[in-house]
Amino acid sequence: MKRALLLLPLALFLVLAVFLYRGLFLDPAELPSALIGKPFPEFSLPSVHDSARTLTAADLKGKPALVNVWATWCPTCKAEHQMLNQLAGQGVNIVGVNYKDDNAAARKWLKDFLDPYQLNIEDQVGSLGLNLGVYGAPETFLIDKDGIIRHKYVGAIDERVWREQLAPLYQELVDAR
Amino acid sequence: MIPELGHLAMILALCLAAVQASLPLIGAWRGDRQWMGLARPAAWGQFAFLLFSFLCLTQAFLVDDFSVAYVAKNSNSALPWFYKFSAVWGAHEGSLLLWALILGGWTFAVSVFSRQLPEVMLARVLSVMGMISVGFLLFLIVTSNPFARLLPQSPANGRDLNPLLQDFGLIVHPPMLYMGYVGFSVAFAFAIAALLGGRLDAAWARWSRPWTIVAWAFLGVGIVLGSWWAYYELGWGGWWFWDPVENASLMPWLVGTALLHSLAVTEKRGVFKSWTVLLAIAAFSLSLLGTFLVRSGVLTSVHAFAADPERGTFILIFLLFVVGSSLTLFALRAPVVKSSVGFGLWSRETLLLANNLVLVVACAMVLLGTLYPLVLDALTGAKLSVGPPYFNALFLPLMAILMLALGVGVLVRWKDTPLKWLRGMLLPVLVVSGALGLLGAWLFGDFHWAVLATCLLAAWVVLAGVRDLLDKTRHKGLLKGIAGLSRSYWGMQIAHLGIAVCALGVVLSSQYALERDLRMAPGESVEVGGYQFVFDGAKHHQGPNYTSDRATVHVLQDGREIAVLHPEKRVYQVRAMPMTEAGIDPGFTRDLYVALGEPLEDGAWAVRLHVKPFVRWIWLGGLLMGFGGFLAALDRRYRVKVTTKAREALGLTGVQA
Amino acid sequence: MKRLLSKRWLAGGLLGLTLSLGAHAAIDTYEFKDEGDRARYRLLTEELRCPKCQNQNIADSDAPIAMDLRREIHRMLGEGKSNDEIVDFLVARYGDFVRYNPPVNARTWLLWYGPWLLLGGGLGVLALIVLRRRRPAASGQAADLSAEERARLDQLLKNSAGQSSADHTKADK
């Protein structure tokens, strides 16, 4: 009995080692969204192109969309922009949230680098971003036709991310109508 | 050329370590004295080559050899020379080389200072240490070569040492810390050697003890230095954050404290042998676990080195090998025969067991809190954070229990204590402590239960120690008696005093700290905690590798100027990185702390003012503990030479030629 | 070889970047209506984690999101919200990750109660050990020997005494 007890430290250590091994392949900084399954937060903000026009959450309903949080001060967003143009060309519905940015700079950017966005919300103070749980740019939310958030991706979307993560889900949401 | 020599020296050190790890061990098993005798020269050779290798890397830094990738990443020609020197261990590869060097140094020390050890035992100890060296050197050479070159396109200048590391703290904190981490490998090696030889007795405990105490003291000093450095460097007056890397240093220290108390019992009474061996294995295992946590990217931390799963896997395999095999050996060879030595309820044995229990639970708690987010993520994918509120809520009560036991522990005798006598000793201590506790809670500021409890416990610890001192000198009288007390005893008293001082510092500075964040224009003054802070604007200033805005703040008390502080906002050119240098007026009873934020309009600045009472006591307490440890390790009984005849009579072979 | 190096450069650069985020004091100059609010602000900003940083609370970080969150907390304090309401607001948006003070629920009971259970268990084991060793070992043994065993014991002692004296004379040579 006593001998068996002496094996306990080894047993505990082996359990610990399993977790440490698993930990090597997890990303401790990755933060899944707290809003999955919840409706897109209410907001009332101007459009980037037309400051007189007010957009609300209702404008997002109707068909599934990629809601992309972007800004001109974010270098990775520039890298992502190409991809977004490509996706827009393929018919993907992309909505933009211009996060804590300068409106004039944003408009110029869209003129210079093409505009993949069907709608573009100007969130100058970051209030919508706060309600979405945004903590940096770029971040992309996938919402369904009823405006429920289904997925969040943090970082720039590239070929592989689109193909492996977002495309299947987007297709599923489109087919669900 | 020189970096290549350094690289070669590392490889040669590995070869010697491999010899040191294998042949003496086989020799010990076969009784081959020649093979056992290889341990010492192999250890000396390994240390010599490692020292040479380290010097090569240092030379590369000092002459700005940017063709070496490590130098290019962590240095710059404008860096002051003493920071170039400490930049050698400023990042992953170089700090590992320092680890290996220090391990070589400890091995050398063991081989030199262990004349009284039987040859077989020494051979086994050095072999085990050699195995650890092999692991680290393999890791260095295979995955983390500090001498890798950036050819043919070497940069004209380096990326500079991280400005946060351009500080005296980097020169002292990592070396002290590593001396501690690596030092526990000696206790570990002794434990493994004892298990292998089947000889686990009081003699083993006596041999282990000074090595363990010194390692523990170094680790404690290293932790204190890290805390102090964070305090003055980071700009917000914090000194402990329960960050995973900080926890990685605290856990071996907690188990090390339990170990050195357990060794005392095993040495004096020959009991708890298996438990002591397990603690020795655990202390070093936690050192290795710390290395893994810091360098693998498994946990998020501001302190962590560059995260690399490949390196993480290597360390994990090493960890599995070292800890797995030692715990297996423990399960197979640890003595299960219970000694017939008995002891009463109120005995030092019981109280030291209680000490061990509280310390081990505290360590387990820190480990649990540190790894819980990882475990939860691995099991459920849920993300959780465990931070200071959790750790403080559990650690502080455990330390309170420890301090309570401490007071009783210093007074109880070995084997048994008459309860009436014990009551007589402790009752006055309790009464006076209670009174001092109430006094403290009333004296320092607003009443807090935590302050009352801490003052009471601190007084309890100190007065119990005084009571014991009076008891020990009651025959000879105080003055004569004090002269007769051993260094080991004084070490204990000073270390215990250190705990009381540290506890007071922690609680008083947390409860009574005053902080103001506000906008100050030149000429404006603000009153905080009885001190008048007058802001005198900021001037531009040029440093060796940075530009800064240097503010002047006069501090007055009762109208008299007592200090002039110069908080700075620096921008280090190479990395274009901003940094705050706080202006601190240190004091025994309080620190005054000023930090600059952002410049506002018209020469005004956002300024943070702190008055932190007794914050220095935290580090003073830690230093006292370290000093007590070093003093105890220098006790004469560890240095008494045993005569040859006595050794032969005891049946110990291995008299050196 | 080159790829490995560039990976390390990236990692090193990221490390440098993340360390730099913590490098300077994040000092806001907010006004509070009373000391209680100021204390609550300090408590909340110290107990809430910056979602983006390398393990920092929002009080100490100067990442843009941390500054935004500090502003939000200040605003909510001004509106008279309680500590729980403020924490819930942030948890609803960022998840339990932002709480440095983990909630006490089914998922975390091991975290909060485990150490105390361990301490209790350990005290139990300690009590068992002490109680079992309480009887001093020497007392009962001699009385338990039978006459035969006692005779054997005497014989053994006599033999070893003879042995050791022989050894002594040898060693003196």
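**View 1. Asp558(B) sits in the loop between β4 (546-557) and β5 (560-565) of chain B.** Strands here are DSSP runs of E with at least two residues, helices are runs of H or I with at least four, and both are numbered from the N terminus. This is a predicted model, in which local features need pLDDT of at least 70 and side-chain atom pairs count only at pLDDT 80 or more, while totals for chains, interfaces and linings use all residues. Residues are numbered from 1 along each chain as its sequence is written, and chains are lettered from A and ligands numbered from 1 in the order in which they are written. Asp558(B) is not a glycine, yet its phi is positive, about 55°. Most residues other than glycine have a negative phi, and most peptide bonds are trans. Asp558(B) counts as exposed, with 8 C-beta neighbours inside 10 Å. For that count, C-beta atoms are placed from the backbone, and a residue is buried if 20 or more other C-beta atoms lie within 10 Å of its own, exposed if 12 or fewer, and partly exposed in between.

**View 2. Trp242(B) belongs to the loop between α9 (202-234) and α10 (244-269) of chain B.** Here too is a residue other than glycine with a positive phi, about 55°. Trp242(B) is buried, with 20 other C-beta atoms within 10 Å.

**View 3. Helix α3 (residues 39-62) of chain B is followed by Asp64(B).** The helix has 24 residues and reaches 34 Å from its first C-alpha to its last, close to the 34 Å expected at 1.5 Å a residue. The expected span is 1.5 Å times one less than the number of residues. Asp64(B) has a positive phi, near 60°.

**View 4. Two cis peptide bonds are shown, one ending at Pro138(A) and one at Pro152(B).** In chain A, the bond joins Ala137(A) to Pro138(A), with omega about -5°. Pro138(A) lies in the loop between α5 (127-132) and β6 (139-143) of chain A. In chain B, the bond runs from Leu151(B) to Pro152(B), with omega near 0°. Pro152(B) is placed in the loop between α7 (119-143) and α8 (168-197) of chain B.

**View 5. α14 (388-411) crosses helix α18 (residues 487-512) of chain B.** Their axes come within 12 Å and cross at roughly 150°. That makes α14(B) roughly antiparallel to α18(B), a term for angles over 145 degrees. Axes are lines fitted to C-alpha atoms, for helices over the stretch in contact, and angles run from 0 to 180 degrees between N-to-C directions. The crossing of α14(B) and α18(B) is left-handed, meaning that the near helix is turned anticlockwise from the far one by less than a right angle; clockwise is right-handed. Met399(B), Met403(B), Leu406(B) and Val410(B) of α14(B) meet His496(B), Ile499(B) and Ala503(B) of α18(B). Contact requires C-beta atoms, placed from the backbone, within 7 Å. Six of these contact residues are nonpolar, one is polar and none is charged. Ala, Val, Leu, Ile, Met, Phe, Trp, Tyr, Cys and Pro count as nonpolar, Asp, Glu, Lys and Arg as charged, and the others, Gly among them, as polar.

**View 6. Helix α15 (residues 419-443) packs on helix α16 (residues 449-472) in chain B.** The angle is about 145° and the axes are 7 Å apart; the crossing is right-handed. Residues of α15(B) in this contact include Gly434(B), Gly437(B) and Gly440(B), and those of α16(B) include Trp460(B), Arg467(B) and Asp471(B). The contact residues divide into 14 nonpolar, four polar and two charged.

**View 7. Leu316(B), in helix α12 (residues 309-333) of chain B, touches residues of chains A and B.** Leaving out residues up to four places away in sequence, its partners are Ala17(A), Leu20(A), Tyr21(A), Leu24(A) and Phe292(B). Leu316(B) is buried, with 21 other C-beta atoms within 10 Å.

**View 8. Chain B meets chain C through 56 residues of chain B and 44 residues of chain C.** α13(B) gives the most to chain B's side, with 11 residues. That side has 34 nonpolar, 13 polar and nine charged residues. Chain C itself has seven helices and zero strands, and 29% of its 173 residues are buried. Chain C also contacts chain A, where eight residues of chain A face 10 residues of chain C. Chain A's side has four nonpolar, four polar and no charged residues.

Conventions
Two residues are in contact if their C-beta atoms, placed from the backbone, lie within 7 Å. Angles under 35 degrees count as roughly parallel, over 145 as roughly antiparallel, 65 to 115 as roughly perpendicular and the rest as oblique.
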